[in-house]
Structures are given as C-alpha cells and as structure tokens.
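Subject: Structure handover

Hello,

Here is the structure you are taking over. Please keep it open while you read the notes below it.

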Amino acid sequence: MSPPRADDQEVERFLSGNSRRAFEWLGARLSREEGADGARFATWAPSARGVSVVGDFNEWNPAAHPLREREGTGIWEGFVPGIALGQRYQFAIAPAGGGPILRKADPYALLAEPSPGTASQLWDLSGFDWGDGPWMLSRSRTDHLGNPLSIYEVHLGSWLPPEPDGSRRSYRELAPRLADTIAELGFTHIELMPLAEHPFTGSWGYQVTGYYAPTSRYGRPQDLMAFVDHFHRRGIGVILDWVPGHFPRDPHGLSRFDGTFLYEYDDPRKREHGEWGTDVFDYQKGPVVSFLISNALFWLEHYHFDGLRVDAVSSMLYLDYARRPGQWATNRYGGRENTEAIRFLRRLNEAVHACFPGVLTIAEESTSWPGVTRPTDRGGLGFDLKWDLGWMHDIVNDYLRLPPERRPSAADQLTIRSRYMFEERYVLPLSHDEVVHGKGSLVGKMPGDDHRRFANVRLLLGHQFAQPGRPLLFMGGEFGQRREWDHDRGLDWELLDLPAHFGLRRWVRDLTAFCRAEPAVFRLQDDPRGFEWVDHQGADRGVISFLRRGPRSRQVVLFVFNFLDEPRVDERVGVPLPGRWAERLNSDSAYYGGGNIGNLGGVQAQEIPWQRQPYSVVLTLPPLAMLVLVPAPEASDSDDS
C-alpha cells in the first residue's frame, strides 16, 4: 500500500483551483510507511500555527500526533501508525492568533460518527463488488435529453416510518422496496435529497458538515454503494442532491476552519447567508474550488451517481440574494452578479461532463438568468437541465388553488409558460418544497370536496407530464399524501387502501408509461417543433388544448384540458390528421377515481378545419380533467410504424 501523498504538481493544482482529485490525498487514507500500517493525514489550514490528529487512538491528546506543514502551501500532513478502520478522529488546530485549540472534523473524511457525535471515522472505500457494468456502459452512450426522463424525489429517512426503536431504515433495506415502487410507477430516475453528512436532521441534508461522507444515519459507505448498484441493476438512474452554495456554522465543521474565514468569504457582505443562517463558499480561493469540484467528481466516481441536482444556484449567482441594500457589495464591474460563482459553476459542469459522459447536471435556479443550460463555450453555465419553478407557481399557486369559478380571471397562468418553455431545457418540479412549512399537501392545496380535490391533483399531474420538460414528483404525491411532509415520520402508505388514493397512484403509473412509450412526448421536448397550440384562447373559459409532436409526421398526441367544474359536450377541437382518434388516457376515468365521463371508443375526425388544423373532432370533456388522444392505428402511415 503506497502512501497517498501528492506530488508538487498536484499540490499546485489544488492551490490554484485546478485539482479534480483532491480526495485521493487529503483527509485520512490508509497507508503503510516504514513497515507500519496506519493512516496518512493531510488537511489545508494555512493560518494555523499548528495542527495535530486526535482520536480514540491517542486519548484525544493534541500533543501526541502533530502534523508537519508542507512549506509554503498551508497543507499539514503526517502518518499515524496503528490506527484502525472505524476509529474516530479530528484535527486539533491551533489558531495563529492564539486562543483555544479548535477541534474540527476532517473536511475530506469518508465517514462520520452518528449525530450528535462530531468526529470523523477512518474508512476505506475499496472492496465493494459493483454489478452495474452494463448500466454504466449504456449510460455513457445514451442521449438522456432525447429520451424519456421522469424523476421521483425521495427523502430516505422518511419514505418508510422509522423502526420501532426510532432508528432509520438502512440503505440496504430501502433499496429493494423503493426500487420495486419506482419500477411499478415507471419513473426513470430517483433523486435523493442530500446524503452528505449533516448534524441536524431537520436541515434535510442541506446544511452539510461532511462533504465526502455519506450520512451514517442509513449505514456505511459500502451500503450506499449497494443501494445505487441495486437501482442500476433494475434499470433505474440515481440523482444526488448536492449543496455547493453554503455550509453551516457548527463549530466542528468548515466554519472558520483554521481560526480564519477560510472556506467562506472574509467580507461579511458576501459571506453571510441570512436566509438560512449559513456561510457562503469563497469561490475566489483555489483550494475551495478544488474542494468542491473534487467533491462532485468523488460522488460520481465512488458511488456511481447518474446526476447531480445542484441546490440553490440562484443564491450563488447573485451578490444581493436575500440581502437588503447596504448589506452587499457589487462586483468589480459594478453589477450584482457573483462572477466567481459563475466561473465555478462553468468549471464544475465542464469537469463533470468531461470526466463522466452521460451524467446529468441539474440547476435549481429560480430566476430568469440567461443560458443556464447553454454550453459554456457559448457563454452559458453548462447545466443539462434547469428547474422550472415558474411553472409550478403559475399552475398551482396562481391557478389550481382558485375555486373553478374564479379560474377564468387567471387564464394567463395556463399559457404564460409557452412564452419561455424553449429558452432552457427544463425539469417541471413538484418537489418537497411545495409540501412543507404550512404549504399543505398537493391534495390539501386544492379547492372543493374530496372528489374535486383528487380530480384537481390528477389534472395537475396530467398537465405536468403533458408539458415539454421532465416531470419531478416528491414522494407521496403519487398517492395523495394528505398531511404535510414530516421528515421525522414515514409516508402514510395505509392510504392506498382507499379508492381515491389508489386511483391516483394508477394515474401516475399510466402517465409515466404513456410518456415513456410515445416519441411525440419526449423526442422534441426541447424543440419548438415539438409543441403546437391548438386552442390557447379557450383559457378564459378553462379549456386549452395542444399537440405534442415527434420527429415523424404521424407521431402526434393531442392533450385537451378542462379546468372548470362542469362537463362540456360537443366541444370541437382541431386535429392535424384524418381518421379515428383513440382516447388513450382520461383522468376522469372511474379506474382513477373519476366520474367516468369521456369518449369511450374514440372519435372520428371530420373534414371541418378548426383552430388552424385541417380536421376536427367533437369531444365530451369531463369536468376538472385531462384527455389524451392519439391517431388510431389505421390513421398511421406504414413508414411511421
């Protein structure tokens, strides 16, 4: 076992912000030196006057195992013989300005002891026998943006209820049960809320102290590997929520690591994230950039994740984000953009895509920042996808929450997205953020009695899947969880014994199956040629319709929506093709818990031009419902089969 020491060139890359593999030699790594087994430790603490390793193996004595600084680098390193796998340790750091010794967790630790403990643990990532070779090979060769992609968002700690003793279910226990659910529902990917070690469960993982350590709440690192491997063997991708924008001020974490503002900005006008009570990474510093980019690649390399959903990108891009006048400073050009963060995000995406073809990067970005998904060589940030939070607010908060009789006054909310839907490549999220902090569940947001509430949720999910973009649904949304999400409780799975909840789950399953099978829904979803309004002017009476198109002329799907609480009989709708049109999906079907109003057997197109289409059909529109129609087989040309 060779000592994991960096040569001078790698150290220079680290200091200049160009290292992509800092995790190979920083932190604590098993080593054999001068005939003794142990571990080599290294950490970056340029303002420290001394650093040592303390732990179970030396009775936490700062004088027992001092480290030596590599001259002029701020990197302290040394070898500790006899330390065993699993033993706890921390860095004892003597600040340059004097004062008490700081006890810090290892920023590059591979494992951390369970909370409320704050120590790191020596660990080794070798020894896991991956079985996902075919998946990984296929992933690198697949155009994920031109294929079906739907995401089920999960908080692992509350998908199932805790054990009777209050402990969380393990990675290995969750894997087969969760994968069975995803396979049945038909989602292509799951997205895991942050798994990097975090001290406060109520942060849901968004306030990280152990960036290289998967949380020990659910098991050891190899257990997480087994979790991802199981999903890959089942043909399901796994996306990780990743948080490079800020970190908490817990004393054992990154905050004032060597007694100075090291990982965070020194200037309080850039450092403090008042909205969350955290500190912002200093993207000017080369070692901080190396730390973060190496971290992103670390999760992809060692845990085989298929994508990174980058949290809170908006807060990174703007210097005045969540700050009042006088609390922020302009950039050197006099603007409000954080030019260092922009540079970091571009380098991040370039590194991920260069090292891991087929891996997706997804930005949670809530503003109109231009070019989030544009390639970096064309001036963009380089993400593959961006969350469309505007769609969620428009359709849920500003439209569906209104009683149906008031919806015509908000008709613009049904059509506004078409003005920008092809400016970026989008994910359409109904995420955990929409069912916490007093916002209510999806069912609870809807007006009317229970029958109408569930009809509205089916209508919402139909609208989500029908739109250009990739749907994301938070766990519980698929069966109509009634209460707000609580991270300390499991989902109310017993609700599936009730017809309305079971019917909603069927609706989600059939939506994903339809959208995975129809090229018209996914082939051109980022191309204006793939979407065509049939009737948007009907929004003022709650009725809209549009076509989704594939690359072939006969690959076409008609979506028709009635957002009002009354059926419409003899509703004429334009269609582009003659022949019979089959009703493939109807959210009002009794199979899904609806009133069973519709067009059983399909409808015949008439040679009556309508709504800029050469033909038209006459439909019965159920109340609060979506219809999906496709040309019947006899209407298809042989070259389109």
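The notes below go through the helices, then some single residues, then the backbone.

This is a predicted model, in which local features need pLDDT of at least 70 and side-chain atom pairs count only at pLDDT 80 or more, while totals for chains, interfaces and linings use all residues. Residues are numbered from 1 along each chain as its sequence is written, and side-chain values use heavy atoms, with hydrogens and water left out.

Helices

Helices (H or I, at least four residues) and strands (E, at least two) are DSSP runs, numbered from the N terminus. The expected span of a helix is 1.5 Å times one less than its number of residues. Buried means under 20% relative accessible area, exposed over 50%, and partly exposed in between, with a 1.4 Å probe and protein chains only.

Helix α4 covers residues 221-233; its 13 residues should span 18 Å at 1.5 Å a residue, and the 19 Å between its end C-alpha atoms agrees with that. Eleven of the 13 residues are buried, so α4 is largely enclosed by the rest of the structure. Among the buried ones are Pro-221, Leu-224, Phe-227, Asp-229 and His-232. Just after α4, Gly-235 has a positive phi of about 80 degrees.

Helix α9 (residues 389-400) has twelve residues and runs 15 Å from first C-alpha to last, close to the expected 16 Å. Its buried residues are Leu-389, Trp-391, Met-392, Asp-394, Ile-395, Val-396, Tyr-399 and Leu-400. They pack against β20 (385-387), α10 (412-415), β21 (426-430), α11 (442-445) and α12. The N-terminal end of α9 is capped by Asp-388, with a side-chain oxygen 3.2 Å from the backbone nitrogen of Gly-390. This is a polar contact, that is, a pair of N or O atoms within 3.5 Å; within protein, one must be able to donate a hydrogen and the other to accept it, and residues adjacent in sequence count only if both atoms are side-chain atoms.

Helix α12 (residues 450-466) has 17 residues and reaches 24 Å between its first and last C-alpha, close to the 24 Å expected. It is mostly covered, with 13 of its 17 residues buried.

Helices α1 (residues 8-16) and α6 (residues 286-303) pack at about 100 degrees, with their axes 5 Å apart. Axes here are lines fitted to C-alpha atoms, for helices over the stretch in contact, and angles run from 0 to 180 degrees between N-to-C directions. The two helices are therefore roughly perpendicular to each other (under 35 degrees is roughly parallel, over 145 roughly antiparallel, 65 to 115 roughly perpendicular, the rest oblique). Contact means heavy atoms within 4.5 Å; here it involves Arg-13, Phe-14, Leu-15 and Ser-16 of α1, and Gly-286, Pro-287 and Ser-290 of α6.

Single residues

Trp-507 is in helix α13 (residues 499-517) and is buried, at 0% relative accessibility. Beyond its neighbours within four places in sequence, Trp-507 is in contact with residues including Arg-458, Leu-461, Leu-585, Tyr-592 and Met-626. A polar atom of the Trp-507 side chain lies 2.9 Å from the backbone oxygen of Arg-458.

Ser-315 belongs to helix α7 (residues 313-317) and counts as buried at 9% relative accessibility. Not counting residues up to four places away in sequence, Ser-315 touches His-273, Trp-276 and Tyr-321. A polar atom of its side chain is 2.7 Å from the backbone oxygen of Ala-312.

Arg-139 sits in helix α2 (residues 133-141) and is buried, at 6% relative accessibility. Leaving aside neighbours within four places in sequence, its contacts include His-144, His-304, Asp-306 and Phe-356.

Backbone

Most residues other than glycine have a negative phi, and most peptide bonds are trans. His-304 is not a glycine, yet has a positive phi of about 60 degrees. His-304 lies in the loop between α6 and β18 (307-310) and is buried, at 13% relative accessible area. Gln-611, also not a glycine, has a positive phi of about 50 degrees; it is in the loop between β28 (603-604) and β29 (615-621).

The peptide bond between Ser-115 and Pro-116 is cis, with omega about 15 degrees. Pro-116 is in the loop between β8 (111-112) and β9 (120-121).

Regards
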